[in-house]
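Here is a short briefing on one protein chain. Keep the sequence and the 3D view open as you read.

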Amino acid sequence: MPRVQSIQMRVLLWGWGVLIVGLAVAFWRYSASLDDETARDFERDTLTRLVTVQWLLERNGPFKEPRDRQDFLHSLAASMGMRISLIQGAKVLADSSRPFDDLDKMDDHSTRPEVAGALGGELGQATRHSITLDRDMIYMARKLPDKPGQAETVLRLAAPVSQVRMHMQRMRWALLAAVIPLLLGSGILLYLLSRTITAGIAQFTEAAQAIGEGDYRRRILFYPAAEFQPLAEAINRMAKKIKKNVKVIENQRGELWAMFEGMTEGVMVLDTSGHILHVNPALSAIFPRAHEFIGRAPLEATMSLEIQNLVDTLMAGGSTEPVSRQIELKNRHCAEMTVVPFRDHKFRPRVILVFHDTSEQKRVERVLRDFVANASHQLRTPLTSIRGYAETLLDAPPAEEAKRREFLDIIRANAVHMSKVIAGMFALAKSERGGKRPKDLDASVAQALEHALMNATFAAQEKNITLEVEELPAGLPNAAADPDGLLQIVDNLLDNAIKYSPPGTTVHIAAASDGQSVTLRFRDQGPGIGPEDQKRVFERFFRADNNDVDGAGSAGLGLAICRHIARNYGGEVWVESPVDQDSGSGSEFIVRLPVA
Ligand code: ADP
C-alpha cells in the first residue's frame with residue numbers, strides 16, 4: 001500500500017501553511033506601510049523640530065559672535081539628539097557636529113541635495129553617507145526667510161539612519177512577538193481539531209473490526225462530531241443486518257447439518273479439487289472407512305474406478321444434471337449412486353455423491369421371490385397329492401378298506417403339513433411385525449424350558465432320545481422377551497434337535513447368564529450342519545437335503561421364525577457345528593437374549 005499521510009498531519013501542515021502564508025503577506029504589507037508611516041512620522045517630527053530650531057534661532061539671535069551661534073546650536077543639537085547645520089550660500093555658518101574652528105574648512109554645502117532642494121523652495125530631503133560623521137544620515141533642510149544683503153540661508157537637521165531603522169526594527173519585533181503565539185495557538189487548535197477527527201475514525205475502525213470478528217451486537221452510540229452521524233448510522237444498520245443474516249445462515253446450516261447427519265442415504269461431499277470434504281455417518285454403512293479418507297480422492301475410499309471416472313467427468317464440466325448409476329460393491333452390497341454436480345460461489349465445479357444402499361431392498365425382493373416360489377411349491381406338492389388321492393377315492397375307490405384308509409391317511413398327513421406351512425408363515429409374519437415395547441418384555445427362562453420339555457417328551461420318547469438338562473444357575477435372570485415368543489424359540493430348537501438326532505442319542509440343554517444377556521444352548525448328536533449351510537438354515541424354507549428326515553413333516557420355516565423372534569427382542573440365534581470334531585457330527589443351536 002502506498003504511504004498515505006495521516007489526516008492529523010495534513011490538517012496541521014495545511015493549516016499552518018495557510019496561516020504562515022497569510023501572516024507573511026500581512027506582515028510584509030504591514031511592515032511596508034510601517035516603513036512609510038515611520039518615514040512620514042520622522043519627516044513630520046523633523047519638520048516640527050526645524051520650525052522649532054528656526055524659531056529658537058530667531059528668538060535667541062542675533063548672536064554677537066558667530067561662535068555664540070555655534071555654541072547655541074551645539075547645545076540645542078545635544079538636547080534633541082540630532083545634528084544641526086546652518087548653511088548660508090556656500091558656507092557652513094554653524095554645525096553642531098564640528099568644532100567652530102573647523103567650519104571654514106568645510107566644503108561647499110549648497111550643492112548637497114537636501115540643501116539644493118530647500119533652496120529650490122521645497123522641503124529638502126536626502127538620505128546618504130555623511131563624510132563628516134562617516135555614517136548614513138537622513139537630512140532635512142528648510143530655507144530660512146531671506147534677509148536683505150544676506151545670502152540665502154538654509155537650516156538643516158540630520159539624524160542617523162540607524163535611529164529610524166532601529167525604531168522600525170523594534171516595531172517589526174513587536175509584530176513578530178504577536179505572530180508567534182498566534183502560530184502556536186492556531187497549531188494547538190488545529191491539533192485538537194484533527195485529533196477529534198482521528199479519534200472518531202479510530203472509534204469507527206475499532207467498531208467495524210469488532211463487527212467483522214463476529215461481535216454483531218456492537219453499536220456506535222457516541223461520535224465526536226455531527227458529521228459522523230450518517231456513518232455511525234450506516235455501520236449500525238450494517239451490523240444489525242449482518243446479525244440477522246448470520247442468524248438465518250446459522251439456522252439453515254444447522255438444519256442442513258442435521259439433515260446431512262440424519263440422512264439414511266450416505267453422502268460424500270467433494271471439494272473443488274475433487275477430494276473428500278465431508279462424509280455423513282450413513283456412508284459408513286456402505287464404505288465403513290470412508291471418514292478416514294477425508295482430503296483424499298473418492299477412489300481411495302470407495303475402491304471403485306467407476307465412481308472415480310464419473311466424478312472426474314462431472315468435475316471437468318461433463319454434465320450439469322445429476323447422474324445416477326447402480327453400483328455393485330464388495331461384500332454383496334449394492335447401491336444406487338447419484339452424483340450431483342454444482343458450482344460454488346466462484347463458479348468452480350463441485351460434486352456431491354449420494355449413495356442409497358439398495359442391498360436390503362434387493363435382499364427383501366429376493367427373499368420375497370424365494371418365499372413366493374417356495375411357499376407355492378410347499379403348498380402345491382401336498383395339494384396335488386391331496387387332490388390326486390381325493391379324486392381316486394371319488395372316481396375309482398380301491399376295493400379294500402385298508403387301502404382307502406391309507407389314502408385318507410396320506411390326505412390327512414398332507415393337510416397337516418399344509419396347515420404347518422401356513423401356521424409357520426403366519427408366525428413368521430407376526431414375528432416380523434414386532435411391536436411390543438421393551439418394558440413389557442419379561443419371560444422366565446426356566447418356565448419356557450419346563451414347558452418346552454413337556455411338549456417334547458412324547459417325540460423324544462418315540463426316538464428313545466434322552467433330554468439332558470444341565471442344572472440352571474441360581475438366580476438366572478429373566479429374558480427380555482415375550483413368554484410366547486421365547487417358548488416358540490425353545491420349542492423349535494428342541495424339536496429340531498430331537499428331529500435331526502439319530503435314535504438313542506442325547507440332547508443336551510443348558511442355560512447361563514453374564515448379567516447382560518441370557519444364553520440357552522441345545523446340543524445334539526445329529527449329523528451336524530456343513531459350514532455353507534450354517535447361514536442358510538435360518539432362511540425361510542431352507543432345508544438341507546441330507547437332513548430331510550421326516551418327509552412331509554417339516555416346512556423349513558422354524559429357524560427363520562426363531563431368528564426373527566430373537567432379533568425382535570434384540571437377541572440372536574446361531575449354530576455351531578460340528579460339535580464333535582473327530583466324527584464331524586452334532587450341532588449346537590445357541591440363542592442369546594438380553595436380560596429383562
Ligand atoms: P424344518 O426343520 O422344518 O426343515 P427349520 O427351519 O427348522 O425347518 O430347519 C431348517 C433346516 O435346518 C432343516 O431342514 C435342517 O436341514 C436343518 N437343521 C435344523 N436343525 C438341525 C439340527 N439340529 N441338526 C441338523 N440339521 C438341522
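A residue counts as exposed when its relative accessible area is over 50%, and as buried when that area is under 20%. Values in between make it partly exposed. By that cut-off D514 is exposed, because its relative accessibility is 57%. Keep in mind that this is a predicted model.

**Overall shape**
- The protein chain has 596 residues, and 35% of them count as buried.
- Its radius of gyration is 65 Å, whereas a compact globule of 596 residues would have one near 25 Å.
- Along the principal axes, the C-alpha atoms of the protein chain fill a box of roughly 210 × 60 × 45 Å.
- The secondary structure of the protein chain consists of 13 helices and 15 strands.

**Contacts, surface and charge**
- Take the contacts in the protein chain between residues at least 6 apart in sequence: 57% of these join residues at least 24 apart.
- The protein chain exposes about 35,600 Å², and carbon and sulfur atoms supply 57% of that area.

**Aromatic pairs**
- A pair of aromatic rings is described by the distance of the centres and the angle of the planes.
- Rings of Phe, Tyr and Trp pair if their centres lie within 6.5 Å. By this rule the count comes to six aromatic pairs.
- One of them joins F63 and F72, with 5.5 Å centre to centre and 40° between the planes, a tilted pair.
- F63 is partly exposed, because its relative accessible area is 22%. F72 counts as buried, because its relative accessibility is 17%.
- F204 and F228 also form a tilted pair, at 5.4 Å centre to centre and with 35° between the planes.
- F204 lies in helix α4 (residues 161–212), while F228 lies in the loop between α4 and α5 (229–262), so this pair ties together parts 24 residues apart in sequence.

**Two loop residues: D514 and L557**
- D514 sits in the loop between β12 (506–513) and β13 (517–523).
- D514 and P594 are 80 residues apart along the chain, yet their C-alpha atoms are separated by 10.0 Å.
- L557 is in the loop between α12 (531–536) and α13 (558–568).
- Is L557 buried or exposed? L557 counts as buried, because its relative accessibility is 3%.
- Leaving out residues up to four places away in sequence, L557 touches V421, G424, M425, L428, R540 and F541.
- From L557 to Q125 the C-alpha distance is 149 Å, and the two are 432 residues apart in sequence.

**Backbone exceptions**
- Most residues other than glycine have a negative phi, and most peptide bonds are trans.
- M303 is not a glycine, yet it has a positive phi of about 55°. M303 lies in the loop between α6 (298–302) and α7 (305–315).
- F347 is not a glycine either, and its phi is positive at about 65°. F347 lies in the loop between β9 (334–343) and β10 (349–357).
- M303 is exposed, with a relative accessible area of 61%. F347 counts as exposed, at 61% relative accessibility.
- A cis peptide bond joins S577 and P578, with omega about 0°. P578 is in the loop between β14 (572–576) and β15 (588–594).

Technical notes: Residues are numbered from 1 along each chain as its sequence is written. This is a predicted model: local features need pLDDT of at least 70, side-chain atom pairs count only at pLDDT 80 or more; totals for chains, interfaces and linings use all residues. Side-chain values use heavy atoms; hydrogens and water are left out. Helices (H or I, at least four residues) and strands (E, at least two) are DSSP runs, numbered from the N terminus. The radius of gyration is taken over C-alpha atoms; the globule rule is 2.2 Å times the number of residues to the power 0.38. Buried means under 20% relative accessible area, exposed over 50%, partly exposed in between (1.4 Å probe, protein chains only). Contact means heavy atoms within 4.5 Å. Accessible areas come from the Shrake-Rupley method with a 1.4 Å probe; for residues, only the protein chains shown count as cover. Rings of Phe, Tyr and Trp (its six-membered ring) pair if their centres lie within 6.5 Å; planes under 30 degrees apart count as stacked, over 60 as edge-to-face and the rest as tilted.
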